[in-house]
Amino acid sequence: LFESKKRANGAHPVMKNELCLPAMFDEKVKAYAQIFAKFNKVHSLSNYKDINEQVLDSIKPLEIFDLSAKTAIDVGSGAGFPAIFLALAMPQTKWHLFEPIAKKSSFLSYAKIELGLENLEVHSQKIELADKFTADLITSRALSKTKELIKICDGFYDEKTKFLIYKGSSVMEEISGIDAQIYNKKNRNYIFFNLKNHGEKR
């Protein structure tokens, strides 16, 4: 099922959880796919051909890491991957999605209403310009290099905050000095860490 797993400091993360999704999850995914197709024709949100593949990528870390959180942030939410599907899978977590591009934040707001996602709030702005609050979990997919992401999230995390970053195949250089768990599946690397002791090895 999983091709490989490794940790930046040599240890291996293991699958922690059997994925248990809410009863309406599949129905909500189908509804999202219809909303996405409708908007994408007009606004060109993204060029994803297989929505199910993107959904599976979004929720895969739930099987690997402990993502439990009361409050979560997704930075650069785009068309909603991974945040919408993590919000669907984690209904007890309050999600804050930061997306400054108007057509994308408008889509996210519409999707929130259509999918009945009461645990999700869309912020149509860059996170670095927003009022600060501390999150238990911060996620981001393909937005910027990891250390740049940490920098723009200043004020939104403390030493207990967990970061989950979705990256492509080359990640080791950009996380040098960070004590991170990395789980690899094909061309995807899931990077998981917190910033205890400022997040970097001494």
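Predicted model: local features only at pLDDT ≥ 70, side-chain atom pairs only at ≥ 80, totals over all residues.
Local features were considered only at pLDDT of at least 70 and side-chain atom pairs only at pLDDT 80 or more, while totals for chains, interfaces and linings use all residues. Residues are numbered from 1 along each chain as its sequence is written, and side-chain values use heavy atoms, with hydrogens and water left out.

Helices (H or I, at least four residues) and strands (E, at least two) are DSSP runs, numbered from the N terminus. Helix 1 (residues 25-43) packs against helix 5 (residues 102-115) at an angle of about 150 degrees, and the two axes lie 10 Å apart. Axes are lines fitted to C-alpha atoms, for helices over the stretch in contact, and angles run from 0 to 180 degrees between N-to-C directions. Helix 1 and helix 5 are therefore roughly antiparallel (angles under 35 degrees count as roughly parallel, over 145 as roughly antiparallel, 65 to 115 as roughly perpendicular and the rest as oblique). The crossing of helix 1 with helix 5 is right-handed; a crossing is left-handed if the near helix is turned anticlockwise from the far one by less than a right angle, and right-handed if clockwise. Helix 1 contributes Lys 28, Ala 31, Tyr 32, Ile 35, Phe 36, Lys 38, Phe 39 and His 43 to the contact, and helix 5 contributes Lys 103, Phe 107, Tyr 110, Ala 111, Glu 114 and Leu 115 (contact means heavy atoms within 4.5 Å). This contact comprises 9 nonpolar, 1 polar and 4 charged residues. In this classification Ala, Val, Leu, Ile, Met, Phe, Trp, Tyr, Cys and Pro count as nonpolar, Asp, Glu, Lys and Arg as charged, and the others, Gly among them, as polar.

Helix 1 also packs against helix 2, at an angle of about 125 degrees and with the axes 11 Å apart. These two helices are therefore oblique to each other, and their crossing is right-handed. Phe 25, Val 29, Tyr 32, Ala 33 and Phe 36 of helix 1 meet Ile 51, Asn 52, Val 55 and Ile 59 of helix 2. The residues of this contact are 8 nonpolar and 1 polar, with no charged residue.

The largest pocket has a volume of about 370 Å³. On a 1 Å grid over the protein atoms alone, a pocket is an open set of points where a 1.4 Å probe fits, with protein on both sides within 12 Å along at least five of seven lines, and lining residues have an atom within 4 Å of a point. Grid points are joined across faces, edges and corners, and a volume is the space filled by probe spheres set on the points. Among the lining residues of the largest pocket are Glu 53, Asp 57, Lys 185, Lys 186 and Arg 188. Helix 2 (51-59) and strand 8 (188-194) are the elements that give two or more residues to this lining, and helix 2 gives the most, with 4 residues. By class, the lining has 2 nonpolar, 3 polar and 6 charged residues.

The second largest pocket has a volume of about 250 Å³. Of its 15 lining residues, Tyr 48, Gly 76, Gly 78, Ala 79 and Arg 141 are the closest to the centre. The lining of this second pocket has 7 nonpolar, 5 polar and 3 charged residues.

Backbone geometry was also examined in the loops. The peptide bond from Phe 81 to Pro 82 is cis, with omega near 5 degrees, and Pro 82 lies in the loop between strand 2 (71-75) and helix 4 (83-89). Ser 44, in the loop between helix 1 and helix 2, has a positive phi of about 50 degrees although it is not a glycine.
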